[in-house]
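I opened this notebook page to look up how the parts of one protein model meet and what surrounds its ligands. I write down each look-up in the order in which I made it.

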Amino acid sequence: MEANQRITMIAAHLQPLNPQMEGSSVLRRADCRAKGGSSGFKVAILGAAGGIGQPLAMLMKMNPLVSVLHLYDVVNSPGVTADLSHMDTGAVVRGFLGQPQLESALTGMDLVIIPAGVPRKPGMTRDDLFNINAGIVKTLCEGVAKCCPNAIVNLISNPVNSTVPIAAEVFKKAGTYDPKRLLGVTTLDVVRANTFVAEVLGLDPREVNVPVVGGHAGVTILPLLSQVKPPCSFTPEETNYLTNRIQNGGTEVVEAKAGAGSATLSMAYAAVKFADACLRGLRGDAGIVECAFVASQVTELPFFATKVQLGRTGAEEVFQLGPLNEYERVGLEKAKEELAGSIQKGIAFITK
Ligand SMILES: NC(=O)c1ccc[n+]([C@@H]2O[C@H](COP(=O)([O-])OP(=O)(O)OC[C@H]3O[C@@H](n4cnc5c(N)ncnc54)[C@H](O)[C@@H]3O)[C@@H](O)[C@H]2O)c1
Ligand SMILES: O=C(O)C[C@H](O)C(=O)O
């Protein structure tokens, strides 16, 4: 037997046991009769092996709108991929590990969800994560610009108030920026607001809808309690309690986890709620409205979270704030002051 024939045979036996990982297969996908991805959307999760990434990946694997699910991380994506690939749901799962596989992970994607980056520990602000997460988001968005410039991007990595402007500048530099397709995920603020308001009012949280505007950190998180659906009123004490609790919901979890990270499970739930809305918009469903941190002309700031209408091309309409009460007008001024600095910091990270 020729030496190169022997090497080929040995290599065949050494194939990794995870046929979903890029570049490895025992029975090649092309040889299987089932073909994934013929209908439905192609979704990539970057940071898929993390605290948010894993439950998010599981929930997206269960989403009937998803036909192909790409899981990218710099560690542990083979194990997460093998695990999820055994679920008998429709989406085909493929794993990608490390920078050399980023381009394959992103090519052809309709939606890219980014929860990559470090989380807070007690005593930290989200802005304390900037130094590490800004560079991670920059690299990943450069990949998006190159490999799937038309994808909708859902950005979760903190500080969202700065990472969204960073992503926008990366896309501008690459000549691929479409403001409608870049959305900072603030759904967890809405999810928390619905829950806390429902608790106070004695309602089912599924029947409550609280618009939360501004940004995603401290005082920039501005719940509009005067616009809650179903219509209701609050005492000044209830308004103070609810506003503070919604603004500090993230810190509440960070402290309870005592150094083991920040919200992951409620965040995965919120991220899937938002991603599903984006996919229904892409499919052409009418009347899909969610809050998100997007390029905006609602205030003098270039980015702001408000309700947006999701459609085939992303955030197709950015809604105005609507009537605010005096408490909310004061909150808005505080939110804008802090947001202005965070947005500028993100822009400067790319442009200077
Ligand atoms: N927007 C929100 O509402 C919201 C809510 C919760 C958490 N977050 C943020 O989400 C981020 C992730 O939180 P987590 O709890 O999942 O953290 P985690 O540390 O558990 O997971 C992060 C994952 O990102 C991966 N990662 C790191 N660098 C990467 C890179 N260059 N490319 C791809 N993957 C990379 C890590 O390997 C890890 O698996 C944090 O920045 C956190 O603050 C945002
Ligand atoms: O609070 C954090 O650091 C994570 C996230 O932004 C949250 O709101 O839970």
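The entries below go from the domains to the ligands and then to one helix.

**Entry 1, domains.** I note before anything else that this is a predicted model. I looked up how the protein is divided, and found domain 1 (3-15 + 36-185) and domain 2 (186-351), with their C-alpha centres 24 Å apart. The contact between them takes 44 residues from domain 1 and 43 residues from domain 2. On the domain 1 side, α2 (53-61), β4 (111-114), α5, β5 (152-155), α6 (160-174) and β6 (182-184) each supply at least two residues, and α6 gives the most, with 11 residues. I sorted that side of domain 1 by class and got 27 nonpolar, seven polar and 10 charged residues.

I checked UniProt, where an unreviewed entry lists residues 186-349 as "domain: Lactate/malate dehydrogenase C-terminal". In the model this span is 48% helix and 17% strand, and its end C-alpha atoms lie 22 Å apart.

I counted 33 residues around ligand 1, the closest being G47, G50, G51, A116 and N158. Helix α5 (residues 130-147) provides the largest share of this shell, four residues, and by class the shell holds 18 nonpolar, 13 polar and two charged residues. Both domain 1 and domain 2 give residues to the shell, so I place ligand 1 between them.

**Entry 4, ligand 2.** I listed the residues that surround ligand 2, and among them are P119, R120, R126, N158, L188 and H216. Four residues of this shell come from α9, which is the largest share; G249, G250, V253 and V254 are also on the list.

I then asked which residues of helix α9 (residues 249-257) are buried. They are G249, G250, V253 and V254, and seen down the axis of α9 they fall within an arc of 140 degrees, so they line one face of the helix. I recalled that an α-helix has 3.6 residues a turn, so residues three or four places apart point the same way. On the other side of α9 I found E252 and A256 exposed, while α7 (187-201) and α8 (236-247) are included in what covers the buried residues.

Note on methods. Residues numbered from 1 in each chain as written. Chains lettered and ligands numbered in written order. Predicted model: local features only at pLDDT ≥ 70, side-chain atom pairs only at ≥ 80, totals over all residues. Near = placed C-beta within 6 Å. Nonpolar A, V, L, I, M, F, W, Y, C, P; charged D, E, K, R; others polar. Domains from an automatic or database assignment. UniProt positions renumbered as here; feature names shortened; annotations may be inferred. Buried ≥ 20, exposed ≤ 12 C-beta atoms within 10 Å, placed from the backbone. Arc of directions from axis to C-beta. Contact = placed C-beta atoms within 7 Å.
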